[in-house]
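This report describes the domain arrangement of a protein chain and the contacts between its parts. The structure is shown first.

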Amino acid sequence: MIRINVNGEDRQVDVPEDMPLLWVLRDELNMTGTKFGCGVAQCGACTVHVDGTPTRACQTPVGMLGPDSKVTTIEGVKGKAAQAVQAAWQKLDVVQCGYCQSGQIMSAVALLTDNQNPTDQDIDAAMDGNVCRCATYVRIRAAVKDAAQTMRA
């Protein structure tokens with residue numbers, strides 16, 4: 001049995017230590033907001049926070065998480081940055097197909113938690129590796145800026 005903390009709740013799963021966190025979340029814990037995209041940590045659809053850091057769940061073996069690690073998924077992301085990002089995403093109608101958006105939002109929340117006044121370069125660096133096949137990058141950047149402005153107000 002492996003014990004992990006997901007969205008503030010201690011959970012136990014009976015899985016191999018090398019099982020990717022993504023499959024633990026989706027298949028064992030029925031948390032399907034985190035998406036499978038490429039499986040090789042290149043697209044960002046599976047982004048979650050591990051101890052506040054954006055992490056690709058498809059390439060993170062659950063056994064590598066420490067006993068005190070805190071995993072946050074799109075279902076459990078909270079706080080001022082999360083509220084601002086989610087509101088900006090809706091306000092600016094960022095989503096097209098939506099498949100990548102949970103990963104995009106998780107990366108944006110991590111950025112704005114640490115930096116409430118990001119430059120375009122900061123946004124590009126934080127969002128690098130989050131691929132959007134619909135190419136909504138202009139709206140994503142605008143939404144991150146809008147969320148940052150909301151947080152500063």
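## Interface between the domains

Across the interface of domain 1 and domain 2, zero salt bridges are found (side-chain nitrogen of Lys or Arg within 4 Å of a carboxyl oxygen of Asp or Glu). The rule does find seven residue pairs in polar contact there, both at pLDDT 80 or more. A polar contact is a pair of N or O atoms within 3.5 Å; within protein, one must be able to donate a hydrogen and the other to accept it, and residues adjacent in sequence count only if both atoms are side-chain atoms.

On the side of domain 1 that touches domain 2, strand 3 (47-50) and strand 4 (53-56) each supply at least two residues. Strand 3 gives the largest share, three residues. Strands (E, at least two residues) and helices (H or I, at least four) are DSSP runs, numbered from the N terminus.

## Basis of the model

The model is predicted: local features need pLDDT of at least 70, side-chain atom pairs count only at pLDDT 80 or more, and totals for chains, interfaces and linings use all residues. Residues are numbered from 1 along each chain as its sequence is written, and side-chain values use heavy atoms, without hydrogens and water.

## Domains and overall fold

Domain 1 spans 2-72 and domain 2 spans 80-151, with bounds from an automatic or database domain assignment. Their centres, taken over C-alpha atoms, are 21 Å apart.

The protein chain holds five helices and five strands, in the order β-β-α-β-β-β-α-α-α-α.
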